[in-house]
Amino acid sequence: MDPTNKPPSPTPNYSLYQREILKRGGTMGVLPNFSVHADELEESTKKKLNERAYFYANSNAGLGWTNRANREAFYRWRIIPRMLVDTNVRDLSTELFGHRIPAPILFAPVGISKLYAPGGELVPAKIAGELGLPYCLSTASSQPIEDVAAANDQGASTKNESNSVHRYSGPNGGDAQSPRFFQLYMGHDDELTISLLERAWKSGFDVCMFTVDTWQLGWRPTDMNVTNYVYVGNEMGESDPVFMRKHGEELTSDSGKWVDSSVWHGKAHTWEKIPWLIKQWKRISGGRPFAEDAIRAFEVGCEGIVVTNHAGRQVDGAVGSLEVLPEIVDAVGDKMKIIFDSGIRTGADVFKAIALGAHAVQVGRLYVWGMSHEGEAGCRHVMKSLLADLDILMTVAGYASITKDVNRKALKYNPHGTYPRGEHAKL
């Protein structure tokens, strides 16, 4: 890891972050404050959060079998290393909805983030800006749209090797300095929906991601154990003029009015509503893990789809997202942008999802666990570690370009074995 032996590359040498950590420990005796090994990171989060925050971040539907299926699916796909390949210059960059980004990784929309750090969504928004990676804001945010946009631009304001890769020449309503997308939970008040979309557009969010699987919370017994129906995160509603005009007085007697009426409202939409939404917002990505739904999304005018099962939080016993990714790619991969979500923990996971045809992946729980430990510093450490992990993996496995070299030929499927847990070196 000689830092002087690094020729100019299209994207940063993220791998040097590991060297930085090792050298700081070896020469100064300074060790990381927490482990970024995914299993250890999840476990140590228990000591950093209260019960309600921990369970809201980590609870799954039912027995958690869908969450397990997500991880088992990654275990079954094995990377095929290539030897004697020159990977001294690597390119992790890709294009997504007109944005040139330094790596195919997005910050997934995670609501009510004040549970994990006082700044809530401002924390990952700022770090995403620092890295030049897309930040996706949830409708269930515990910070107003406008404040999150400002935090994202603040992070991007100091240029570095990573965020300097970002390029975008498309339309943007808020002169955004960094890529940011808006995730929509859509209620049945069209005036309110339009208000949210207009606020997002004016604040520089230029992609709308419509979530279609969580109009009602899934059956989450571990949340019920601590009666965890979190009535925080009203900031999105309290900052919206339409919502406050219609429901402001009700908030004084019912603190759950925003969540109950506009987020997890309990009344499903159908495909017939999508053309109306597309009229309001030209770019839309919807999440649904079946090939026929992907085809339908393309047919009604969507430009992208998020392949997700909501990280196993909605339907217990469902297929793992990675299991169905190949058939979705075969159906619409040449027609739509495909973002993969659910179960990403490592650089190898990112590699496998891209190899199976995703254009990018979303990471949620990882950065939540990081910010739960040390706020901005923890979130930054986890995401820089993930980038370093991916960069090093491509280096030693013999793959120089994430878009040109990483495809299904890089993987071998093994249907046997059981996903291991806890089988690693630890103190």
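**Salt bridges, strands and burial**

Me: What makes the pair R180 and D153 a salt bridge?
Reply: The closest N and O atoms of R180 and D153 are 2.8 Å apart. A salt bridge needs a side-chain nitrogen of Lys or Arg within 4 Å of a carboxyl oxygen of Asp or Glu, so the pair qualifies. R180 lies in strand β7 (residues 180-184) and D153 in helix α6 (residues 145-157), 27 residues apart, so this pair links distant parts of the chain. Both residues are buried. The model is predicted: local features need pLDDT of at least 70, side-chain atom pairs count only at pLDDT 80 or more, and totals for chains, interfaces and linings use all residues. Residues are numbered from 1 along each chain as its sequence is written, and side-chain values use heavy atoms, leaving out hydrogens and water.

Me: How many salt bridges does this rule give?
Reply: The count is 22.

Me: Why are E20 and R24 called partly exposed?
Reply: E20 has 39% relative accessibility and R24 has 30%. Buried means under 20% relative accessible area, exposed over 50%, partly exposed in between (1.4 Å probe, protein chains only). Both values fall in between, so both residues are partly exposed. Their side chains meet in a salt bridge, 3.2 Å from N to O. E20 and R24 are 4 residues apart in helix α1 (residues 16-28), so about one helical turn separates them.

Me: Is K257 buried or exposed, and how do you know?
Reply: Its relative accessibility is 18%, so K257 counts as buried. Its salt-bridge partner is E250, at 3.5 Å from N to O. E250, at 32%, is partly exposed. Elsewhere, salt bridges that share partners join K126, E130, E376 and R380 into one network.

Me: What about S255?
Reply: S255 has a relative accessible area of 36%, so it is partly exposed. It sits in the loop between α10 (241-251) and α11 (257-263).

Me: How do you know that β3 and β6 pair?
Reply: Strand β3 (residues 99-101) and β6 share 2 bridges, in the antiparallel sense. Pairing takes at least two bridges found by DSSP, so they pair. H99 stands opposite Y168 in β6.

Me: What makes β2 and β6 edge strands?
Reply: The open sheet of 3 strands runs β2-β3-β6. β2 (94-96) and β6 (167-168) each pair on one side only.

Me: In which sense do β10 and β11 pair?
Reply: β10 and β11 (residues 337-340) pair in the parallel sense over 4 bridges. V306 has I339 in β11 as its bridge partner. Both faces of β10 (residues 304-307) are covered: G304 and V306 on one side, I305 and V307 on the other, are all buried.
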